[in-house]
Amino acid sequence: MSHDLLDRIDQRTRLAGHNRLALLLFRLGTRQLFGVNVFKVQEVIPRPPLFTLPQLPPAFAGAADVRGRTVAVLDLARAIGHTHDGDEPNYLVVTEFNRTVQGFLVSGVERIVNIAVEDIQPPPDLGGDAHYLTGVTRHNGELIQLVDVESVLAESAPRASDAAGIAVLPRVPGVPHEVLVVDDSRVARNQIRQVLEHLGLGATLLSDGRQALEHLQQLADAGRSPGERYAMVISDIEMPAMDGYTLTTEIRRSPVLRGLYVLLHTSLSGVFNHAMVERVGADDFVPKYSEHELAQRIAVRMSALQRAA
């Protein structure tokens, strides 16, 4: 692995909003290439010594000291049901998403590639470990499977929900009580749906921005106002086919869609998100994942609609 493999990650943020995705490619002991969004990667280091922590869930291989910080470590191949075929994981990919830092052991790290989001397709619906994928694509003739690290982490270390105290919102005639949720992660879609259910709201769940835009345009073409059906759109940012920034831009460009309220909801961290939120015209932004913070932002939007009704 090149020593400066991740030196230019900051430059990759320029891809945001251009419907392109930077992927860190790696292998899990087989010839198959896997990819993860570079924006979720802090660094890649040779496998450090691991030690045990009593509170770690059984799925974790241990913990590592990374620059003076204790980081929980998952063997990614084991977590998604792959075998190493005798090739031990020699590298640690340190990631940050959903407000947490964790490490994933991989056999080998290849390179970083830039992929047009439109060239990323939904994963085949084959069951099994396919639910750990958010998409598939090709680069130089090789198949790349995009790992849904959010799902991997959620299943390996289930988190307790803090949604119990979320109160049902009052229903007001003339105010839509359905939300369009757009996210390529199965786990994220279900988490948002549960928050909406606690609030007494309905949800339409879609897995990428292109699906969402086509759905909204079909409603408009059929003479149905998307703004009368949906109180808001909650969209992930990094998705196959069309990212959340581009979806927001297309909504703002459309005379029949531009009035939709868009909340961007992402596992990514970094100040570039806030700048892009303003640039593409999104109404709000909230990082994943806090049920109460998400519920509070939704409640603010619903209150504004009720006052205007």
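Visitor: How much space lies in the largest cavity?

Guide: The general idea comes first. Rolling a probe the size of a water molecule over the atoms shows where empty space is left. In this predicted model, the largest cavity holds about 160 Å³ of space. The count of cavities of 30 Å³ or more is three.

Visitor: Which residues are closest to the centre of the largest cavity?

Guide: Asn 37, Lys 40, Thr 134, Asp 184 and Glu 238. They belong to a lining of 17 residues.

Visitor: Which element gives the most to that lining?

Guide: Strand E2 does, with three residues. At least two residues each come from strand E1 (20-27), strand E2 (33-37), strand E10 (142-147) and helix H3 (149-156).

Visitor: Now the chain as a whole. How many helices and strands does the protein chain have?

Guide: Nine helices and 15 strands. Of its 309 residues, 54% are buried. Take the contacts between residues at least 6 apart in sequence: 66% of them join residues at least 24 apart.

Visitor: Let me try a charged residue. Where is Asp 208 found?

Guide: Look in the loop between strand E12 (202-206) and helix H5 (209-221). Asp 208 is buried, yet has no salt bridge.

Visitor: Which side chain of opposite charge is nearest to Asp 208, and how far away is it?

Guide: Arg 210, at 5.7 Å.

Visitor: What does the side chain of Asp 208 reach?

Guide: The backbone nitrogen of Gln 211, at 2.9 Å. Leaving out residues up to four places away in sequence, Asp 208 touches Val 182, Met 239, Pro 240, Ala 241 and Met 242.

Visitor: Where do Arg 99 and Asn 140 lie?

Guide: Both are in loops. Arg 99 is between strand E6 (91-97) and strand E7 (100-106). Asn 140 is between strand E9 (133-139) and E10. Arg 99 is partly exposed, at 44% relative accessible area. Asn 140 counts as exposed, at 67%.

Visitor: Which residues does a cis peptide bond join?

Guide: Lys 288 and Tyr 289, with omega about -5 degrees. Tyr 289 lies in the loop between strand E15 (284-287) and helix H9 (291-308).

Conventions:
Residues are numbered from 1 along each chain as its sequence is written. This is a predicted model: local features need pLDDT of at least 70, side-chain atom pairs count only at pLDDT 80 or more; totals for chains, interfaces and linings use all residues. Side-chain values use heavy atoms; hydrogens and water are left out. Helices (H or I, at least four residues) and strands (E, at least two) are DSSP runs, numbered from the N terminus. Buried means under 20% relative accessible area, exposed over 50%, partly exposed in between (1.4 Å probe, protein chains only). Lys and Arg count as positive and Asp and Glu as negative; His and the chain ends are not counted. A salt bridge is a side-chain nitrogen of Lys or Arg within 4 Å of a carboxyl oxygen of Asp or Glu. A polar contact is a pair of N or O atoms within 3.5 Å; within protein, one must be able to donate a hydrogen and the other to accept it, and residues adjacent in sequence count only if both atoms are side-chain atoms. Contact means heavy atoms within 4.5 Å. On a 1 Å grid over the protein atoms alone, a cavity is a set of points where a 1.4 Å probe fits but cannot get out, and a pocket is an open set with protein on both sides within 12 Å along at least five of seven lines; lining residues have an atom within 4 Å of a point. Grid points are joined across faces, edges and corners, and a volume is the space filled by probe spheres set on the points.
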